[in-house]
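Here's a quick tour of a two-chain model.

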Amino acid sequence: MSRVRSWMRHDSMSVVFAILALLLLAFILAPVVKTVFSSSPGTLWGTLRDESVYSSVLLTVLAGLLATLIGIVVGVPLAYLLARRQFRGKRFLEALIDVPIVIPHSAAGIALLFVFGRQFLLGKLFGHVGITFVDTLAGVVIAMMFVSVPFLIDSSKDAFKAVDVRMEKVARTLGASPWQTFFRVSLPLAWRGIFSGSVMMWARAMSEFGAVLILAYYVPFLGDRATVAPILVADRFTAFGLDHALPVASLVILISLVIFVALRYIALRGDKQ
Amino acid sequence: MIKVSNLAVRVGGFSLREVSLDIDSGEYFIILGPTGAGKTVLLEAIAGLHSVVKGTVSVDGRDITHLQPERRGLGIVYQDHVLFPHLSVWENVAFGLKSMRCPKRDIWPRVEKIAQLMNIDHLLQRKPPSLSGGERQRVSLARALVTEPKLLLLDEPLSALDPEAREKMQHELAEIHRRLNVTIIHVTHDFEEALSLGERVAVLNKGQVVQVGTPEDIMRRPNSEFVAGFALSRNLFQGNAAGAEDGSLVDIGGVRIKAETTLRGTVHASIRPEDIFISREPVRSTAGDSLQAVITGIVDKGSVAYVAVNVPPEFTCLVSRQSLRELDLNIGIEVYITIRASAVHVF
């Protein structure tokens, strides 16, 4: 008790900062908690059994996962190059990678449409192998990937930077080729940062609204047409009002939180070793 | 034989210029220089870890300047060990054998053998973060030696160790060199380390080799003020250590001074100039006796002065300007110097 009092008397800054921090936490927590608990478990279960909600959730999780997996395959090598190599225009490239974070996502959707639309360059190219993007699952995936891959690249780059470059040098002198060095030393030592970047990317991808709305609003999925969960929530709100949007919103938040917390737990568990 | 000719390397803003060295097979070669001289860059360039701007590196007549590091058959050990933290000690040591695609049945016995040699066989299941500094250094050496490299590169291998572990590791390095008959290039900023381990020493400054020779050459015949500053800033003597009633006595060219050491036989001893106490009258103390000497030179450095005295041998002492005046020290006068046994570094 006396410790607390002397601490408060001597350090007004800590008190002010703590109050501001609590206000902010309340601001974040209150809407989330209230929404999640506004619907009874029975209502949530009923909502999930609604065919359009179920396929929407599945589409969102699946497309987010696909976007993240593609992001890992192409993003991790880029992150490694940015962490290890010096080259002209590197700063510019690093700024460029973060562009999707700073532009409005509906504008990002327009930009994607402009390149991946059927009559445009990449759209035509992929069209030859039977992949189209406008109002298809592939469109949902690239829209999600475009806006969320910077999180993966930035986090992976920091993770590779944190690996002592001499670890790689030692591995090379011990007879390991550059490939072996990457897979036996750099990647295992950076995996936690890459993993948490992937979780961030997946979470960000699943919550994407604007870019998906423009490029692939409703797409053929499971023999019917479905849209991603964030759009479904908005559609229900504008068409039927709060009462119909709320259970879907609760469900989506709950699913996101469960996945997020579970994956964070996996990533942090290794930290204690 | 390792031959480095006119090697030039640029790393960031630093460059290594026109470095040439000839190192014999089986030699214990030291690269000595201050921080920032380019010692590590030179070592890593020999390992193939930096691209070469100019010049060549060859081993036994074969040009390896552009050979990938994994094909050079050498091992490197860094000051702070750089063990793979995600692998056990066993996996660290076995890393090179696996990279070389050594048959599985051979890996175990080879790891076992080197682990016994380096005295780490009881640590094989541990992870590097749980080891002490000395243990990590031995694992790091075992990892480099298990592939039986022709050349072992050591980057300040003793600097991160506490004095006790350092002395032990210094003996172990000499022992490894003797038993495995491996060529060693050892980088250090410590002159005493160079003296006690090196068969030959190259002094490096600002990316250039300024002198190559035996430790005695460097110590007695420095070819520049820079090398002299590096070598002669201390009172360095070769001598003979013997036990005495209370500690040890080191005979350095006629006079015997007290020291705290367990070493016996031929040794080196060094005394920092500021640890030698000058007085006009003899001082009697249990820590060390006074020696009579004559002042042969005084170099005034402003607030301090270096005073050379001859017992013989000659010692350099550092005194404050105030002492210089109060004691009225001049060339030719007789003084007494006192050296505490704990100030004598024997190696």
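## Ground rules

Two strands count as paired here if DSSP finds at least two bridges between them. Helices (H or I, at least four residues) and strands (E, at least two) are DSSP runs, numbered from the N terminus.

This is a predicted model, in which local features need pLDDT of at least 70 and side-chain atom pairs count only at pLDDT 80 or more, while totals for chains, interfaces and linings use all residues. Residues are numbered from 1 along each chain as its sequence is written, and chains are lettered from A and ligands numbered from 1 in the order in which they are written.

## The open sheet in chain B

Let's start with the sheet. Five strands of chain B make up an open sheet, ordered β15-β19-β16-β17-β18, with antiparallel pairing. The edges belong to β15 (276–279) and β18 (314–320) of chain B; each has a single partner strand, so one side of each has no neighbour in the sheet. From one strand to the next, the twist averages 45 degrees (axes are lines fitted to C-alpha atoms, for helices over the stretch in contact, and angles run from 0 to 180 degrees between N-to-C directions).

Zoom in on β16 (residues 290–300) and β17 (residues 304–310) of chain B: they run antiparallel and are joined by six bridges. B:Val294, for instance, has B:Asn310 in β17(B) as its bridge partner. As a reminder, side chains in a regular strand alternate between the two faces of the sheet.

## A hairpin and a helix

Elsewhere in chain B, β9 (residues 200–205) and β10 (residues 208–213) pair in the antiparallel sense over five bridges. Opposite B:Val203 you'll find B:Gln211 in β10(B). The two strands β9(B) and β10(B) form a hairpin with two residues between them, and B:Lys206 in the turn has a positive phi of about 50 degrees.

Now for helix α5 of chain B (residues 163–180). Its 18 residues should span 26 Å at 1.5 Å a residue, and the end C-alpha atoms are 25 Å apart, which agrees; the expected span is 1.5 Å times one less than the number of residues. Just after α5(B), B:Asn181 takes a positive phi of about 55 degrees.

Chain B has nine helices and 20 strands, and its C-alpha trace spans about 75 × 45 × 30 Å along its principal axes. Of its 347 residues, 39% count as buried (20 or more other C-beta atoms within 10 Å of a residue's own; exposed is 12 or fewer, partly exposed in between, with C-beta atoms placed from the backbone).

Chain A comes to 14 helices and two strands. Along the principal axes, its C-alpha atoms fill a box of roughly 75 × 65 × 30 Å. Buried residues make up 34% of the 273 residues in chain A.

## Where the chains meet

How many residues of chain A are in contact with chain B? There are 15, and they touch 17 residues of chain B, where contact means C-beta atoms, placed from the backbone, within 7 Å.

On the chain A side, α10 (165–173) and α11 (178–206) each supply at least two residues. The most comes from α10(A), with six residues. By type, the chain A side divides into seven nonpolar, four polar and four charged residues; Ala, Val, Leu, Ile, Met, Phe, Trp, Tyr, Cys and Pro count as nonpolar, Asp, Glu, Lys and Arg as charged, and the others, Gly among them, as polar.

Methods
Contact = placed C-beta atoms within 7 Å.
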